[in-house]
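Let's take a walk through this one together. Have a look at the fold and the ligand first, and then we'll go into the details.

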Amino acid sequence: MAEPQRVGELPEDVDTDDCMTSYTHIYSPDLLKDQVAFITGGGTGIGLRIAEVLMRHGCDTVIASRNLEKLTEAAKKLMAATGRHCLPLTVDVRQPQTISAAVDETLKELGRIDILINNAAGNFLCPATSLSFNAFKTVLEIDTMGTFNTSKVVYEKWFKDHGGAIVNISATLGYRGQALQVHAGSAKAANDAMTKHLAVEWGPSGVKG
Ligand SMILES: CC/C=C\C/C=C\C/C=C\C/C=C\C/C=C\C/C=C\C=C\C(=O)SCCNC(=O)CCNC(=O)[C@H](O)C(C)(C)COP(=O)(O)OP(=O)(O)OC[C@H]1O[C@@H](n2cnc3c(N)ncnc32)[C@H](O)[C@@H]1OP(=O)(O)O
Ligand SMILES: NC(=O)C1=CN([C@@H]2O[C@H](COP(=O)(O)OP(=O)(O)OC[C@H]3O[C@@H](n4cnc5c(N)ncnc54)[C@H](OP(=O)(O)O)[C@@H]3O)[C@@H](O)[C@H]2O)C=CC1
């Protein structure tokens with residue numbers, strides 16, 4: 001376990017996609033012991049940090065996105081920092097068959113899925129007048145359809161019979177409207193609605209949102 005940190009003392013900064021050099025457990029280090037989390041886009045940024053924190057609480061993880069080389073590097077760092085297992089798998093959330101194959105592989109290797117983190121997303125700054133039809137569609141396909149595709153595959157292959165938790169990473173962009181973000185704001189607003197609809201339909205199977 002990491003050394004306790006003094007109140008008010010900030011942890012040392014790390015490069016974006018490196019693991020933390022120290023960690024203060026607010027919750028029990030065993031909180032998620034031997035659970036399994038499937039994290040889309042878990043090889044970089046926010047997804048990588050979510051993977052690290054879950055692993056520091058005893059969870060094993062799958063990190064899934066398009067770039068296997070990047071994922072493999074990230075998995076090595078995560079395992080070295082936390083002592084837990086991390087399985088890197090190739091997925092394009094726009095292609096349900098790639099998700100299906102990755103979920104099958106997860107269940108074969110790790111035996112269960114307890115937590116799904118829908119974190120993968122695509123975004124860039126662009127005014128609506130310059131945004132091509134395909135650009136808008138691409139972001140909706142990654143952020144919104146990707147979240148639905150992954151949720152549906154994991155539900156059908158595991159959560160329907162065992163329950164589980166789905167966490168959708170959203171954004172505040174769509175709450176009030178913001179320039180240059182009509183694509184991402186629309187996608188995340190749809191995801192917020194999807195979260196509520198699926199909670200109503202899948203709650204009775206023990207799925208928490
Ligand atoms: C998001 C902000 C980015 C940079 C920030 C820079 C400065 C910050 C300054 C101020 C901050 C202000 C506001 C805050 C903004 C955002 C914060 C809130 C939410 C953030 C949400 C996020 O999701 S962050 C995650 C970002 N990460 C990624 O996007 C990684 C993955 N991205 C990608 O894979 C690509 O970028 C992709 C999304 C385009 C998908 O790739 P691919 O499938 O290969 O698609 P392409 O074939 O390349 O492109 C498809 C069509 O899209 C058009 N396109 C691509 N890039 C741009 C662009 N930069 N501007 C306009 N159009 C673009 C492309 O031309 C294709 O269309 P065609 O018609 O030509 O076919
Ligand atoms: N950064 C921010 O300021 C904010 C971020 N968010 C949200 O946080 C989450 C993480 O963002 P952040 O860490 O900043 O961004 P990153 O760019 O670091 O992460 C995005 C991840 O998604 C993966 N990804 C992109 N497209 C696909 C795809 N088609 N299939 C599978 N995986 C894909 C990428 O991996 P690969 O390239 O290997 O596919 C990458 O690992 C997103 O949902 C974002 O919308 C919300 C508000 C603000």
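This is a predicted model: local features need pLDDT of at least 70, side-chain atom pairs count only at pLDDT 80 or more; totals for chains, interfaces and linings use all residues.

Where does the pair sit in the chain? Tyr-155 belongs to helix H4 and Trp-202 to helix H6 (residues 182-202), so to speak a link between distant parts of the chain, 47 residues apart. Both partners are tucked away: Tyr-155 has 11% relative accessibility and counts as buried, and Trp-202 is buried too, with a relative accessible area of 9%.

Helix H4 turns up again around the ligand. Spanning residues 133-162, helix H4 gives the most to the shell around ligand 1, namely 4 residues. There are 16 residues around ligand 1, and the ones that come nearest are Arg-66, Arg-94, Asn-123, Ser-132 and Asn-134. By class, the shell holds 7 nonpolar, 7 polar and 2 charged residues.

Now zoom in on the polar contacts. The side chain of Ser-132 places an N or O atom 2.6 Å from an oxygen atom of ligand 1. For Arg-66, the distance from a side-chain N or O atom to a ligand 1 oxygen is 2.8 Å, and a polar side-chain atom of Arg-94 also lies 2.8 Å from an oxygen atom of ligand 1. Ligand 1 taken alone exposes 1400 Å², of which the protein buries 45%.

As for confidence, the chain averages a pLDDT of 95, with 96% of the residues scoring at least 70. The model scores are ipTM 0.97 and pTM 0.96.

Conventions
Residues are numbered from 1 along each chain as its sequence is written. Chains are lettered from A and ligands numbered from 1 in the order in which they are written. Side-chain values use heavy atoms; hydrogens and water are left out. A residue is near a molecule or strand if one of its heavy atoms lies within 4 Å of it. A polar contact is a pair of N or O atoms within 3.5 Å; within protein, one must be able to donate a hydrogen and the other to accept it, and residues adjacent in sequence count only if both atoms are side-chain atoms. Accessible areas come from the Shrake-Rupley method with a 1.4 Å probe; for residues, only the protein chains shown count as cover. Helices (H or I, at least four residues) and strands (E, at least two) are DSSP runs, numbered from the N terminus. Ala, Val, Leu, Ile, Met, Phe, Trp, Tyr, Cys and Pro count as nonpolar, Asp, Glu, Lys and Arg as charged, and the others, Gly among them, as polar. pLDDT is the predictor's confidence in each residue, from 0 to 100. Buried means under 20% relative accessible area, exposed over 50%, partly exposed in between (1.4 Å probe, protein chains only).
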